[in-house]
Every structure is written in C-alpha cells, then in structure tokens.
Amino acid sequence: MLRRIGQLGLASGRQRCQNSYKLVAAKRLFSTETTDAAAETTVKETYRAKQRKFGVGTALLCTIPFFTFYLGCWQVQRLRWKVNYIQTLEDRLHREAIPLPKRINANVLDEYEYRKVYAKGHYRHDQEILLGPRTRGDGNAGYFVITPFERDNGTTILVKRGWISPDKKDQKLRPESLETGEVEVVGLIRVNEERNTFTPDNDIKGNQWYWADVDTIAKMFNTQPIMVERVSDLSPSREYALIEKGIPVGRSPTVEVRNHHLNYLITWYSLSLATSVMLWRLLRKPPARPVKIKRI
C-alpha cells in the first residue's frame, strides 16, 4: 500500500514539472521582448545607410581651390614686380641722353634698357634691311628700316631708324631718307626681340626679315650686337609729312611693356572661389537614401 502511494506521488511530481516546462516555453514563445529585439535586428539590417564614397574626381576637386589660390597669390607678387619694373624703365626713359660707350659689356645691357643714348656717325645705306610688314601705332602696315651706322670712334652699330609706308619700300622712291654726311642718332638700346609663336622664320637669302635677330644681322654686316632704336616726339602732322616723303619715323618715347598680371590674378582667384563653392556643395549633399530590402 505504501509502495503504491509513493509511485503515485512520483508520477504527480513529474507531471507538474512537465506542465511547468511547457508553460515557460509558451511564455518564451509569446514574449514581446524577444519579438521587439528580433524586429530591431531586422530593421537595422534592412535600413542600414550607405557609406559616402570619395572617388578620384572628388579628391582632385579638393586640390583645385588651393592650387588656384596659390597661383593667384603668385600673380600678386608678379604684379608688384612688373609695376616696379615699369616704373624703373619710365624713370630711365625720362633722363637725359648719355653718349653711347665705345664698348658695351653684354652683361650690363639690362642696365641700359630704355636708357636714351646718342651717337654720331654716318649710315651705310647700301646695307639697309627692311623689317616687316609691321603695323604702326595707327594700325597701318609698313616696314621698319634697320641700317648699319659707322661711328666716329671706328665702331659700327645697328640703328632702327623708324617706320615707312609700303609704297616707299624702294630706296629710289625716297631719296630724302638717304641721309649723307655726319648725323646724330638719339634712341634706346635694344637687344634681340622676343619672337612669338606666329612669327615666321627670317628669309636671309631673300632679304626678308620678320623679326629683329640682332645677333645674326650684326654678324652679316660685321657690327656690334647692339641696336639703337630712334625715338621721335614730333606732332602727328609732322610725322605724316615725313611719311609722305618716305623718311623713317622713329618710335614714340614710351615704355612698351605688357602688364596683364591683374587679369591673371582675378582669373585665378575667381576659379578658386568657384571651385570652393562646388566642393562645399558636394560635401554638404546628403548620402543616397537606403534601398528597402524585402524580408524573407
């Protein structure tokens, strides 16, 4: 009897344990905490935002504002140098003319640039060359006359006498321009001209000169590699009368040095500002919205 009662109690305990386990399993199965955590994990995996990617184009755009700003600052320095340089040349130009030394050291020619000099001697018209066609200040095309000049001290230089019209190209049509005897030349010392890309080569055999290659001309006529460019401060009416006679008219006594550095620095600073705005807008733009992924 006691044995039977013990077996019934053990069976009842096992039954209660099984029922309790099922109840706990059911609670876990229908728990809101587990469901919220799983949903949260699913949402995170489903709506994860894309990372912003910086490509080569973006990296290049980041360098442009700084590089263009540097170029603008460099042009500021160039502008200051060019302004001071032009002021120095204008100061030399307004000084009194000095006698041209017998021998000039090529290393100090820069100190004589736009410095008025004078020399006495006579022209060798039989060795005259014409440089051009070139335009004058009024826009008319013509030729510049370059003639060897024998000085009283025995040396010979080149003189750029001035501009003539194309209809006076032949010496026979301008006899008044062929000065004889001793003359005094007042002008500016010039060296080789800067040849631009569009200027053709000189035709030495055909005696066609497009730019003043002073070194080559000096070797041809056995002169010093120096050219003096005559200056003229005559009135326009007086110059017109000389042109009609075929007499070369010298250049005006002004400094002809280009200064475009102000335009350059404005351009570079504008590019720096524009690219900075483009870069700011690019970095400020939000990344692309995530794509919704279907749940499985």
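Visitor: Let me start with a detail: which side chain meets Arg136 in a salt bridge?
Guide: That partner is Glu239, at 2.5 Å from N to O. The two sit in distant parts of the chain, 103 residues apart, with Arg136 in the loop between β3 and β4 and Glu239 in helix α5. Keep in mind that this is a predicted model.

Visitor: Is Glu239 buried or exposed?
Guide: Glu239 counts as buried because its relative accessibility is 12%, under the 20% cut-off. Arg136 has 22%, so Arg136 counts as partly exposed.

Visitor: How many salt bridges are there in the whole structure?
Guide: A search finds eight. One of them pairs Glu128 with Arg174, at 2.6 Å from N to O. Glu128 is in the loop between β2 and β3, and Arg174 is in the loop between β5 and β6, so this pair ties together parts that are 46 residues apart in sequence. Both residues are buried.

Visitor: Which residues are linked in a network of salt bridges?
Guide: Lys160, Glu229, Arg251 and Glu256 are linked that way.

Visitor: Let's zoom out. How many helices and strands does the protein have?
Guide: There are six helices and seven strands. Along the sequence, the pattern reads α-α-α-β-β-β-β-β-β-α-β-α-α.

Visitor: And how much of the protein is buried?
Guide: Buried residues are 31% of the 296 in the protein. As for the accessible surface, the total is about 20,800 Å², and 56% of that belongs to carbon and sulfur atoms.

Visitor: Which residues of α6 are buried?
Guide: They are His261, Leu265, Ser272, Thr275 and Leu279. Helix α3 is included in what covers them.

Visitor: Pick one for me. What does Ser272 touch beyond its neighbours within four places in sequence?
Guide: Ser272 is in contact with Pro65, Thr68 and Phe69. Ser272 counts as buried because its relative accessibility is 7%.

Visitor: You mentioned α3. Where does Trp74 lie?
Guide: Trp74 is in helix α3, which covers residues 56–93. Together with Phe67 and Tyr70, Trp74 makes a nonpolar surface patch of about 370 Å². Trp74 itself is partly exposed, with a relative accessible area of 41%.

Visitor: Last topic, confidence. What is the mean pLDDT?
Guide: The mean for the protein is 81, and 77% of the residues reach 70 or more.

Visitor: Where does pLDDT stay under 50?
Guide: One such stretch is residues 21–35, for which the model has one contact beyond four places in sequence. Residues 37–47 also stay under 50, and there the model has six contacts of that kind.

Note on methods. Residues numbered from 1 in each chain as written. Predicted model: local features only at pLDDT ≥ 70, side-chain atom pairs only at ≥ 80, totals over all residues. Heavy atoms only, no water. pLDDT = per-residue confidence, 0-100. Contact = heavy atoms within 4.5 Å. Patch = residues over 30% accessible without salt bridge, like charges linked within 9 Å, V, L, I, M, F, W, Y side chains within 5 Å. Areas by Shrake-Rupley, 256 points an atom, 1.4 Å probe, with all protein chains shown as cover. Salt bridge = Lys/Arg side-chain N within 4 Å of Asp/Glu carboxyl O. Helix = DSSP H or I, 4+ residues; strand = E, 2+ residues; numbered from the N terminus. Buried < 20%, exposed > 50% of the residue type's maximum accessible area, 1.4 Å probe, protein only.
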